[in-house]
Amino acid sequence: MSPALLIFDCDGTLIDSERLYNRAWAARLALLGLHWTPMDVARRLMGRPIPDCLDLVGKALGRTVPDDFLPGVFAETDRIFASEGLQKTDGIDAALAALPQPKCVASSGLFEDVRDNLANTGLLAHFGVERLFVAAMVVHGKPAPDLFLLAAERMGAKPPGCVVIEDSVPGILGGRAAGMRVLAYCAQHNDGDALIAAGGEPFHHMRELPGLIG
């Protein structure tokens with residue numbers, strides 16, 4: 001049976017941005033004396049709302065994160081994006097065009113960033129602003145199910161009829177907790193084994209997506 005709704009994560013799933021974010025966080029964390037690689041950042045922070053990320057960093061440091069840390073991460077992210085360019089995930093346009101089901105986005109990012117990044121990569125037209133849902137709209141972000149349940153409710157779909165497409169462990173856990181089928185996009189910027197262990201059904205290129213969803 002064809003799903004009633006497809007719920008896409010944004011960064012790392014629709015847009016090839018997660019590896020760039022991970023590098024920006026790693027660079028700024030090093031200035032605090034916390035030497036995490038981009039993959040360390042992916043494993044510990046990826047897919048989580050920013051306040052949760054800051055809490056985890058503070059615990060790792062054993063002290064409060066400085067006020068200028070997050071602006072520094074944003075500045076480093078902007079520098080990397082300007083230098084390397086923000087690209088859509090390879091094959092995503094064709095995959096979205098081949099999937100006739102209603103679609104929306106459920107992201108841990110800031111609404112303005114999600115909207116602007118999708119617009120700048122030409123992907124916003126597949127969804128529309130009214131189909132963007134972010135962590136700030138719910139009490140508990142990923143890995144809680146709240147964001148996915150909100151998206152389903154607003155889109156008029158029942159959770160068992162939804163398919164989530166994610167690239168992070170918190171996202172997969174959240175989608176599973178919401179009672180939805182979850183497809184795990186395993187790419188170079190994440191830990192595929194961890195995604196599978198969290199309950200995601202793995203795939204490795206967006207060209208596979210239409211065949212998996214049907």
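The chain exposes about 9600 Å², and carbon and sulfur atoms supply 53% of that area. The model is a predicted one. Of the 214 residues in the chain, 52% are buried.

The chain holds 10 helices and 6 strands. Its radius of gyration is 16 Å, close to the 17 Å that the globule rule gives for 214 residues, so the chain is as compact as a globular protein of that length. The C-alpha trace spans about 50 × 35 × 30 Å along its principal axes. Among contacts with a separation of 6 or more, 67% join residues 24 or more positions apart.

The cysteines come next. A disulfide is a covalent bond between the sulfur atoms of two cysteines. To be counted here, the two sulfur atoms must lie within 2.5 Å, and the count comes to 0 disulfides. For Cys53, the closest cysteine sulfur is that of Cys10, 15 Å away, which is too far for a bond. Cys53 is buried, with a relative accessible area of 4%. For Cys104, the closest cysteine sulfur belongs to Cys162, at 7.6 Å, again too far for a bond. Cys104 is also buried, at 0% relative accessibility.

Ser107 can be followed in some detail. This residue is found in strand E2, which covers residues 103–107. Ser107 is buried, with a relative accessible area of 2%. A polar atom of the Ser107 side chain lies 2.9 Å from the backbone nitrogen of Gly109. Leaving aside neighbours within four places in sequence, Ser107 is in contact with Asp9, Cys10, Val114, Phe133, Val134, Ala135, Lys142 and Leu147.

Methods: Residues are numbered from 1 along each chain as its sequence is written. This is a predicted model: local features need pLDDT of at least 70, side-chain atom pairs count only at pLDDT 80 or more; totals for chains, interfaces and linings use all residues. Side-chain values use heavy atoms; hydrogens and water are left out. Helices (H or I, at least four residues) and strands (E, at least two) are DSSP runs, numbered from the N terminus. Buried means under 20% relative accessible area, exposed over 50%, partly exposed in between (1.4 Å probe, protein chains only). A polar contact is a pair of N or O atoms within 3.5 Å; within protein, one must be able to donate a hydrogen and the other to accept it, and residues adjacent in sequence count only if both atoms are side-chain atoms. Contact means heavy atoms within 4.5 Å. The radius of gyration is taken over C-alpha atoms; the globule rule is 2.2 Å times the number of residues to the power 0.38. Accessible areas come from the Shrake-Rupley method with a 1.4 Å probe; for residues, only the protein chains shown count as cover.
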